[in-house]
Amino acid sequence: MNFHQANKGNLWQLMLSFSLCLYCGTSFSTSAIAANNGQDKSNQEKKIFSKNHTPESNTLKLSAGTKASKAIPAKKIDNAPKIDGKLDDAVWQNAAIVSEFTTFEPNVGNPASQKTEVKIAYDNEAIYIGAYMHDTAPDSILQQLGLRDSWNLNADMFAIFLDTYDDDINSFGFFVTASGVQNDLRESANGEDGSWDAVWASKVQIVDDGWIAEFAIPYSALRFPKQEVQNWGVGFMRNLRRLRERSTWQNFDPAEAGFVNQFGTLEGLTGITPPLRLSFSPYISTYYQTYRDKDYPEDNSNTKAIRGGMDIKYGINESFTLDMTLIPDFGQVQSDDEILNLGPFEVRYNERRPFFMEGTELFNKGNLFYSRRVGSRPSYYWDVEDSLEDGEEIVSNPAETQMFNATKISGRTKDNLGIGFFNAVTGEMNAEIKNAEGETRIMQTEPLANYNILVFDQALKNRSYVSLINTNVMRAGKGRDANVTGTEFRLNNKKNTYALEGGLNVSQIWEEDLNDKGYESGYALGLNWGKTSGNFRYFLFTNIENDTYNPNDLGFLYNNNEWTSGVRLRYSTFNPIGIFNELFGGINLNYSRLYKPSEYQNVGVVGWFGTTFTNFLNLGFNYSYRPTIGYDFFEPREDGRFHRVSRGGHIGGWMSSDYRKKVALDVNWSYESEGLYNVRGFDLWIGPRIRFSDRLLVIYGIGKVSNPNEIGYASIVEHDEDDVDNEVIYGRRNRSSYNNTLEFQYLFSSKMAINFRARHYWSRVTYDKFHLLEDDGYLGTTTFNDDLDVSYNAFTLNLGYTWQFAPGSEMSIVWKNDIYHSLDSDSDNYANLTSENYFDNFSRTMQSPQTNNFSLKVLYFLDYQRLRNVF
């Protein structure tokens, strides 16, 4: 059994997930601008439907705030200010001041409660910002510490945004908190990329009547056209955390679709030229890894390794940048949250490797790039154990494909044509197998492979765009080759109130044993039209994936062979109404068919409603309902078979308290029901968090999923006779899963911290009865009675010390402990599976084979411009 794949769940869950993903695709999602009251574990609805993330609409029209009416004259200087947070340099004395900030949360369009003054200047090397955040209660300025790129801190914050191509779509954002924590991001038509990092300087200082932030953003951190005179879009934002008040100079109106298009203008930047952008980040790391198995001490091992490599960033010209990683080392990234899967679909894990997280907004066009495909587990990793003959054992079977190098080239021309190119090479991977006589054989689990992406993205007027994307995977020898070509577009009307968007993808696969031709192609088509501004918004959509469409060599798709259409309706408020800061809700109506053969699947309703009170307590609920019998064509895992799913649905909710308090609480719950087989299920997650001080935060999460009467696929009984169909076996089972996480972070400063995260996941499945899936989709009787009970544990611990000792430079010491253990009918202590409680199970898990990894890594940032000034 493959324990490392995902469970897509029942059909009502699919409709909910699909609908929310569609809604995400059209929402305003800048996480820093839309810092949400909850945390990642909180229901996605709360994040999506917060007005900060989806400024759906407001009938209020601001009298000021159009781009033409908000402008700043650019002031060029000869001597750069000292970045010390004091604003006492001569350059600031005569600089123009911009103020008059207006709020967009919790009210829209009101004057900010505290005065903010911003000055801006530039020279031939950088752009400088001096911001004075006046405050009548300076002792109440919130200053929670965090490392760089720590979003959602309980701290006041100031930010500047620069649309250097003045295209109303793309921008750079630079943030600093009152405690000196830096954050940065890039905004594009695909949303924000909070993983993007640049090297820039800032300093803050608390003063008697507020706090000061001073920035120096070198041109090497930006991309802009090579023109003698330039105008840039510019925006400023302040977060007054204790009042949960956010305000902007550009009078951001959440009723209007888009964010960058509402910037003001920085006028008359003269005589600046894009510098040579060249930097190196060499690293060296050392690892000591131990494997311990008390039952089989002969398998114990100790390994040591010293590694070295380099990241290179080179500005090819003023618009395009090359990023390359040579012999990368990702051994210190956080362990995946693995689960037990009983479903037919793959798990989608989050990307945590920095190179694949930064600067990838172009490559995410068309949703054809799932970076975890590169350097992932070898394709035939699980086949090694199945290939063992009597007396054979596995000597080695690497679980991760070696990546030799990866390269990104991306940028945007002065005509707003974005171009991106990605290439990566991974090595051949082999497993070693030994027989009883000591003879060994090699089994290839992954051939040498090359991964490519090419993207063209043309920005058009009215925040519209059209993109062309191609992904290609080529494997050595007889390995499978794949190619996907796609296009996507978004066309907005002049007022940015309506949009038509869509895309077409074509996949091609070449594989010797695929079919008689050794070749297969498929397509996917999507089209959406709707209203994108106003309190009330709607979208009509249709999405088709034919039965041979497969982008999964470099992309990610749960399943193909589906045609889904529907309508999405939602309503939001943006100004407080009585005790409510905001109200939001929506409903999705979905109709789905199998593409081939064209068969009805299901129809469903998905809805949600939520609110944020004036005390910043978040409450909400969601529901789904399937009013008719549905047909599941994927759970049986046999072509042409289906399972009838009766009327049913779910109801759930969430609660998140005010994170400004030292103690806060998040709660998520859901209950599902299906009538035909009396299926019930309950899910509860509770997450308290305690901020002991501005330096120490502790978060604990405990969750349980209980499905005491679940019906699902169990096995297939194969028949050799051509005229006898295989038997699809379903099982009625009791499944319970527990998920415990403990996290804490202690900050010595904004550049030095200790991080700890431990997670224990336990899922136990016991079967009560088995059924034969009949041809009509109902469940019948069977003599099948195999023992398929299973218990799966995953325990991971990550403890790290991080010191950012210079801009872009870092030293980290990490200890990782991983335990993955399953108990089934082949296990020695199988009798304990049904009888042990949580604590007995946890104790046994801690005695299971485990891997400990200790590492030290030092990365140093070398910038050509700085080196040139030194030498």
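In the predicted model, V455 stands opposite I469 in strand β24. This pair belongs to the contact between strand β23, residues 449-459, and strand β24, residues 465-475, which run antiparallel and are joined by eleven bridges. The two strands form a hairpin with five residues between them. In the turn of that hairpin, N462 has a positive phi of about 65°.

Strand β24 also pairs with strand β25, residues 481-492, in the antiparallel sense, and nine bridges connect them.

An open sheet of three strands has the order β18-β21-β22, and its pairing is antiparallel. Strands β18 (393-396) and β22 (440-446) are at the edges, where each pairs on one side only. On average, neighbouring strands of this sheet are turned by 35° against each other, with direction ignored. Strand β21, residues 429-434, is joined to β22 by six bridges, and these strands run antiparallel. I433 has R441 of β22 as its bridge partner.

A further open sheet is formed by five strands in the order β2-β4-β5-β11-β10, also with antiparallel pairing. Because β2 (97-98) and β10 (201-207) each have a single partner strand, one side of each is left without a neighbour in the sheet. Within the sheet, β5 and β11 follow one another in the strand order. Strand β5 covers residues 126-134 and strand β11 covers residues 210-218; the two run antiparallel, with nine bridges between them. Among the residues of this contact, Y132 has I212 in β11 as its bridge partner.

The surface of the model carries a nonpolar patch with about 940 Å² of accessible area together. The patch is formed by F609, F621, I651, L665, W669, Y671, F682, L684, I686, Y700, I702 and L742. Another member of the patch, F621, is placed in strand β32, residues 618-626. F621 counts as partly exposed because its relative accessibility is 34%, a value that falls between the limits of 20% for buried and 50% for exposed residues.

How values were computed:
Residues numbered from 1 in each chain as written. Predicted model: local features only at pLDDT ≥ 70, side-chain atom pairs only at ≥ 80, totals over all residues. Heavy atoms only, no water. Pairing = 2+ DSSP bridges. Helix = DSSP H or I, 4+ residues; strand = E, 2+ residues; numbered from the N terminus. Patch = residues over 30% accessible without salt bridge, like charges linked within 9 Å, V, L, I, M, F, W, Y side chains within 5 Å. Areas by Shrake-Rupley, 256 points an atom, 1.4 Å probe, with all protein chains shown as cover. Salt bridge = Lys/Arg side-chain N within 4 Å of Asp/Glu carboxyl O. Buried < 20%, exposed > 50% of the residue type's maximum accessible area, 1.4 Å probe, protein only. Axes fitted to C-alpha atoms, helices over the stretch in contact; angles between N-to-C directions.
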